[in-house]
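I opened a new notebook page for this protein. My plan was to look up a few places and write down what I found.

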Amino acid sequence: MGGVHFPGEDEVVAGEGDAVVPLRDVGKMEHGCEHYRRRCKIVAPCCGEVFACRHCHNDATASGDRHTICRQDVEKVVCLLCDTEQLVSQVCINCGVNMGEYFCDVCKFYDDDTEKGQFHCYDCGICRVGGKENYFHCAKCGSCYAVALRDNHQCVENSMRQNCPICYEYLFDSLKGTRVLDCGHTMHMECFSEMVEHNKYTCPICSKTALDMTHHWALLDQEIEATIMPPVYRYKVWVLCNDCNKVSEVDFHVIGHKCSHCNSYNTRSTSRPADLSGSSSPSTSDSSENNP
């Protein structure tokens with residue numbers, strides 16, 4: 001009775017010079033695409049075409065008949081060493097090589113570059129990188145965060161299952177690094193850096209301060225103290241703080257208005273509170289005043 005022969009891990013083949021390479025390691029780190037090092041290609045379940053990975057497929061279809069691959073739907077792969085099309089598995093049924101040193105049978109994911117520290121998060125439902133020991137899954141935020149953020153971040157429900165507020169790419173399965181702001185909202189790390197380079201220091205979603213601005217607030221204190229307003233401009237105004245969400249009555253100044261509760265200058269003009277003026281609710285101006 002015939003059957004498929006699976007070479008054992010102890011079988012070897014000749015390498016360069018006198019080196020001997022275990023059969024399953026043949027071609028390791030020598031194949032793949034810009035996204036992953038692997039020894040197979042996937043057969044797209046949607047269109048039947050062969051691509052190096054799902055990202056290559058999605059990029060190739062972006063300008064035409066745009067459609068994307070659900071990683072879990074991949075059923076077939078093609079070994080790059082022997083060109084055998086087969087059902088998804090880690091070891092090629094024909095030549096016996098590992099088609100990926102890391103393999104996840106849930107995500108149908110292959111990668112030879114195990115230095116990335118790949119692991120599958122069953123709560124996220126996908127594979128992630130960085131080492132399982134370095135991450136935890138936040139159930140409310142709906143994603144894996146660095147252990148340094150355990151009990152040390154503001155939870156926002158499904159904060160990672162949103163588009164980046166700068167580039168609008170979906171964050172949850174993005175290949176780019178992400179940053180969790182103090183307010184709990186998330187964005188790409190590179191988008192955050194670019195935002196700061198353009199002197200924007202507040203969350204694009206909720207307008208709360210995204211950096212430690214203590215030093216900058218102290219400089220504004222000094223500048224305001226040194227800038228005396230003419231008598232005609234010496235009056236009180238009401239401001240709403242974007243950081244603590246409290247209302248203050250403060251002296252008007254062209255440089256900025258400091259919250260009397262948390263000392264932030266991330267404030268905006270508002271009307272007198274309802275409990276003082278009898279109005280139904282405070283209204284705010286369209287744009288932040290001295291938004292850092």
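I began with contacts, meaning heavy atoms within 4.5 Å. Of the contacts in the protein with a separation of 6 or more, 36% are between residues 24 or more positions apart. The model is predicted, so I noted the limits: local features need pLDDT of at least 70, side-chain atom pairs count only at pLDDT 80 or more, and totals for chains, interfaces and linings use all residues. Residues are numbered from 1 along each chain as its sequence is written, and side-chain values use heavy atoms, with hydrogens and water left out.

**Overall counts**

I found 4 helices and 17 strands in the protein. The protein has 292 residues, and 38% of them count as buried. Buried means under 20% relative accessible area, exposed means over 50%, and partly exposed lies in between (1.4 Å probe, protein chains only). The accessible surface comes to about 16600 Å², and carbon and sulfur atoms hold 48% of that. Those areas come from the Shrake-Rupley method with a 1.4 Å probe; for residues, only the protein chains shown count as cover.

**Sheet with E4, E3, E5 and E6**

Next I looked at an open sheet. Its 4 strands run in the order E4-E3-E5-E6, with antiparallel pairing. Strand E4 (50–51) and strand E6 (85–87) are at the edges with a single partner strand each, so one side of each has no neighbour in the sheet. Strands count as paired if DSSP finds at least two bridges between them. Strand E5 (residues 76–79) has 3 bridges to E6. Lys76 sits opposite Leu87 in E6.

I traced Tyr135 to its bridge partner in E12, Ala146. The hairpin has 4 residues between the strands, and Gly142 there has a positive phi near 80°.

**Loop between E12 and E13**

I then followed the loop between E12 and strand E13 (178–180), where Asp151 is found. Asp151 is not glycine, yet its phi is positive, near 55°. Most residues other than glycine have a negative phi. Is Asp151 buried or exposed? Asp151 is exposed, at 77% relative accessible area.

Ser159 is in the loop between E12 and E13 too. Ser159 is buried, at 5% relative accessibility. Leaving out residues up to four places away in sequence, Ser159 touches Cys141, Tyr145, Leu171, Gly184 and Thr186.

In helix H2 (residues 189–197) the buried residues are Cys191, Phe192 and Met195. They line one face of H2, because they fall within an arc of 100° seen down its axis. The arc is taken from the directions from the helix axis to the C-beta atoms. Their cover includes E13 and strand E14 (186–188). After H2 comes Asn199, with a positive phi near 60°.

Helix H3 (residues 214–226) has 13 residues and reaches 19 Å from its first C-alpha to its last, close to the expected 18 Å. The expected span is 1.5 Å times one less than the number of residues. Trp217, Leu220 and Ile224 are buried in H3. They cover an arc of only 55° around the axis, so they are on the same side of H3. On the face turned away from that buried side I found the exposed residues His215, Gln222, Glu225 and Ala226.

My last stop was Ser248, in strand E16 (residues 247–251). Ser248 is buried, with a relative accessible area of 1%. What does Ser248 contact, leaving aside neighbours within four places in sequence? The list is Val237, Trp238, Val239, Cys259, Ser260 and His261. Ser248 and Ser260 are 12 residues apart along the chain, with 6.0 Å between their C-alpha atoms.

Asn263 is in the loop between E16 and strand E17 (267–269). Asn263 has a positive phi near 70° and is partly exposed at 42% relative accessible area.

Notes. Helix = DSSP H or I, 4+ residues; strand = E, 2+ residues; numbered from the N terminus.
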